[in-house]
Amino acid sequence: MAYFHSRNVAFTVRSLQATMENYLENLLYQPQKLLEDFRQTDHQQFQTAMKCFFEDKKSRLELDDIVIDLKEIRDRALQTPGVNRTLFLITLERCFLIMNSIECVAILGQVLRVSPGSFLQPEIIENLPRNLQEDSFKNLSSVFKDLYDKTSAHSQRALYSWMTQILQKSSNYSTDDSVSWVSAENLWILGRYMVHLPFEEITKISPVEIGQFISYDNATKQLDTVYDITPQLAQAFLKRINSSSFDMRNTSTIHRLGLLVCFYDDLEELEATVAQVLLHQMIKCNQLRGFQADVQKLKAELLDIAMENQTLNDTLGSLSDAVVGLTCSQLEDLSPEAVHNAISTLNQVSGWAKSQVIILSTKYLTHEKVISFYNISQMGALLAGISTQAFYSMDPKELSHIVRGTISQHVSDLSPTQQQGILSKILEASDVSSTVMDIQGIFFKEVSLFDLWKEPGFNSTVVKEKELRRSQALFLYDFLSRSMQKSDDLLSVGQLVKGITCQQIESMSPDSFLAHFKYFENNLHLLSPYQMSCLAWKYWKESRSSLPPYLLSALPARYLELVPASQCVPFLISLGKIEMNTLVLDSHKKNSIIRKVRQCLNDSITDEYNIDIIGNLICHLPPAIIQNGIHSRALATAMDRLKFCTSLSPEQKTEVKHRLLELHGLPQNWTVETTKDIGPFLVLFSGDELRIIASKFPEILQQTASKMVGTQPPKEFLWIVFESIQNTNRNVHTSDPIDDCQGVTVPSSDDILKLVEANACWSPQELLCMEEDTFTKNVELLGTISSFSQPQLMALKEKAKQVWNVPSYWKNHHIVSLGRIALALNENELKQLDLSSIDTVASLSQQTEWTVGQASTILQGFLEDSGHRIQELKSFDLVGLGASLCAISINEVPLISISEFSMVVARIGTLFCSTPILAAFKRKAEAVFGDPTEWSSSVIQELGTIAAGLTKEELRMLDKDLMPYFQPSAIKCIPEEIFKELSPEQIFHLGPENAAWVTEPQRRHLNMLQLQSLQLALDGAKTRFQLEAPLNMGTTSVTHFPSSDCVPVFSGSSLWLCWPVLVLLEQHR
């Protein structure tokens, strides 16, 4: 304090503390200013600041009445975009020159572990210190090993180069080409970076050194993580290990090989027991990044060796996950006893096809005779193969163990039909009030609203760990809040925050709202856009000066005008942390937000700090900004962030491609690392450009394609992937010259596994000419290809008939395995299927492209084959029928059991049936929930699309406050001639999400007043709108371009006044 008095600086203890807090708060939004200030410090100031900031010994600094919470400052800084980059850069720049290198490595580790891997750009890595002490180098290498998956391929290569330069220097590296610098310890230090060793270098590693490395206890753990190793490098390592004293066929050695075992190639005269050991170790090979087709081929070869002179029944338990490669016919030939004896192996295997699970489960339960909880608890991964009827036939007390979560690991594999079969049996046989509270996990989410109504004993503790549907949350929040003195405390209980209504938010006291706001903020992913709008208005009303900036996106677009230039940084940071596509559904409003973002950025992204600050907003930048606004300094970081954007427009993608070419040059000049880093953006390139890439790096192209399962990449991209694989492996059908398949290129199992979605490039004839064994092994994968055309599906259906005979001969597991191929079955063929099992029907119902005729045939087929009448359908039957239930006649809907219907209303409410059927279901719902005029928000939400069956008279009578609780899918299904009967007030209260789901035909039927109300709802407006005075985004004023002048007052703008305080505090400690 004498220091300040000597300079005639007027202050009080409170002003001193406030200055420190304001200064540090301001720097959070000025990371570049912080970097410059750090650069201007002297050695003592720098060292003191770094120790105070990163030292864990003390979380608070105290000097008389001055208290600085270092832990809070540290936590906020490390989580603030830009500040962690500054701390990283300044540590690299100055720390190693001033402080102990071990301390600096510890600081770097702290910063990097909470930062994106993009910090470690190659040009930064070039400046890493190369004269570190041994311990410091090892510690820093360990940090980089932990960050391996977060860094780009270019950065991985640069880090490898940095590590090897130091290792070679410390190893007294010889210029003798025949001697390798790679010692056992060096391999251990490299860790996962060992996959970057050149092939030639691996071949020179001394047998003694490689032997010593393999003998390390931690070598296996390291080799288990080399996910991106290539076959060539793996086999080079295997040969070096073989050259040491280790016996490659010894069980102990095989256990030490880690992922190298996936490329084991010494199969000549291999004993069956060794093959079994290898297969057991290969269970980890699914973690490899690519080369799965080669792994499956090796497993098949080892499987043949392991079964030599033995039957499958005898060896089943010793084949590890290679059993996944067995065909359904092989599994059908197994004895129930063999499956029982091997269950401890089979229950741990992942990657089973649904058809395989059905066969094995049936075999196992056949042996057990009586189905008990003990029996099914032994089944593990095979649990999903138990039929719904088998579950339903079990003793309810045995079943209750399942819903209590005792075998929760595999319960998520059960279909909704199976879950409902289990749940309905328990609820039927028990007193509901004593059962519902015991239900855990995904099962509770299936409990109907009607059954919750009957439960009087709920308390907040019971609900805490349960996953909730929104209708359940709405009911439970309302129910529990009536019995609690402090109902706001419910916000901290599990997923109950999903159920708070706008009225309940509005009724919170100002103090309680602000105190509990953190629970909303921690659960933004659970809140609907309507709830976000309510939160924003409540916050605006109670404390607009501290309004979190992202909530502005939930207010009307005009409120964006209130953000002054001085608040741009916190506005961008806050908005950049949310997913705007889920919060802002109106395109006009989204455009307004982007205009404000552009204004804040001045249409320019000058450096990496700008990328840090805008976060997810980068995905919404207009094409023009991507084209001209991203400066070269920020380009690499920007491209890295854009890779994670899932909804770029065609125009954005075009500009991304142009900037990639600017950054990396033409494809013919790309390196392996460039191609890997471009990754998902490869789909943006033309056929000619992709052919160049395919000729240089076919494996990378194929690996990129394999990650696109379930998506529909551009056809041109798929064709290049197809050509690439065909060029390396061409199978020509050779059979009788009369055969239509003579000379046709046919798919092999290898091809199908590598191509994934590119299987859509086979012609119908090529698919039809496929070998029968290839079809049976790959039918389930082929059934998942979303890009198959109708002629291709027809060819695959004909192939199925060739292999399995006509549809009347098909078994349950055959039908289940078809996937989309089943869509090619005509109505006559569907009639031939055995549809007596609701699980078979449920598998067909997963497809959404059935015609009305096909759906009707499936429904009638189930009723006839199962012998059920409509009035006898169980709740799980209604779930399993899925979209086929929409084919029911209007006259049959009243026949459905009310009690069974009440259990699955929410599931039926997900169906998009015709308006007359929805109206019939609505009438059925009245028998459960009463007259529509009495329906609550939770009932409206529970009904889903069924609510679209309300008549115009019933809709007009609904309270306006119920309108936000219609599911968006229900809004879409309301016929336009009925939708137009809604009052302007009702339309206004739809909320932003439901308003966004109003269809164009519905809009065309609205009058001017209704359209205005709809636009207000989209905008998130309140009934009375008034533009307010400019607001302040935070609790402290943040200047956009702060003055750097040092003035003798506590303005928070000068660093020189802060360092003496830190120094004094450090001395005081």
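User: Which residue lies over the face of Phe-513?

Analyst: In this predicted model, Phe-513 belongs to one aromatic cluster with Phe-517, Phe-520 and Tyr-539. The face of Phe-513 has a charged side chain over it, at 6.0 Å from the ring centre. The residue is Lys-538.

User: Are the planes of Phe-517 and Phe-520 stacked, edge-to-face or tilted?

Analyst: Both residues lie in helix α35 (residues 510-521), 3 residues apart, about one turn of the helix. Phe-517 is buried, as is Phe-520. Their ring centres are 6.3 Å apart. Stacked needs planes under 30 degrees apart and edge-to-face over 60; these planes stand at 50 degrees, so the pair is tilted.

User: What is the angle between the planes of Trp-804 and Trp-810?

Analyst: Trp-804 is buried at 13% relative accessibility, and Trp-810 is buried at 3%. Their rings form an edge-to-face pair with 5.6 Å centre to centre. The angle between the planes is 85 degrees.

User: How many aromatic pairs does the structure hold?

Analyst: Phe-517 with Phe-520 is one of the pairs, and Trp-804 with Trp-810 is another. Across the structure the count is 25.

User: Is Glu-201 buried or exposed?

Analyst: The side chain of Glu-201 meets that of Lys-204 in a salt bridge of 3.9 Å, N to O. Lys-204 has a relative accessible area of 24%, so Lys-204 is partly exposed. The cut-off for buried is under 20%; Glu-201 has 11% and therefore counts as buried.

User: How many residues apart are Asp-321 and Lys-299?

Analyst: Asp-321 forms a salt bridge with Lys-299, with the closest N and O atoms 2.9 Å apart. The pair links distant parts of the chain: Asp-321 is in the loop between α19 (312-315) and α20 (328-332), and Lys-299 is in helix α18 (residues 292-306). Asp-321 is buried at 8% relative accessibility, and Lys-299 is buried at 6%.

User: Which helix holds the salt-bridge partner of Lys-657?

Analyst: Lys-657, in helix α43 (residues 650-664), forms a salt bridge with Glu-689, the closest N and O atoms being 3.0 Å apart. Both residues are buried. The two are 32 residues apart, and Glu-689 lies in helix α45 (residues 687-696).

User: Which residues do salt bridges that share partners join into one network?

Analyst: The whole structure has 39 salt bridges. Some share partners and join four residues into one network: Lys-797, Glu-798, Lys-801 and Glu-829.

Note on methods:
Residues are numbered from 1 along each chain as its sequence is written. This is a predicted model: local features need pLDDT of at least 70, side-chain atom pairs count only at pLDDT 80 or more; totals for chains, interfaces and linings use all residues. Side-chain values use heavy atoms; hydrogens and water are left out. Rings of Phe, Tyr and Trp (its six-membered ring) pair if their centres lie within 6.5 Å; planes under 30 degrees apart count as stacked, over 60 as edge-to-face and the rest as tilted. Helices (H or I, at least four residues) and strands (E, at least two) are DSSP runs, numbered from the N terminus. Buried means under 20% relative accessible area, exposed over 50%, partly exposed in between (1.4 Å probe, protein chains only). A charge sits over a ring if NZ of Lys or CZ of Arg is within 6 Å of the ring centre and within 35 degrees of the ring normal.
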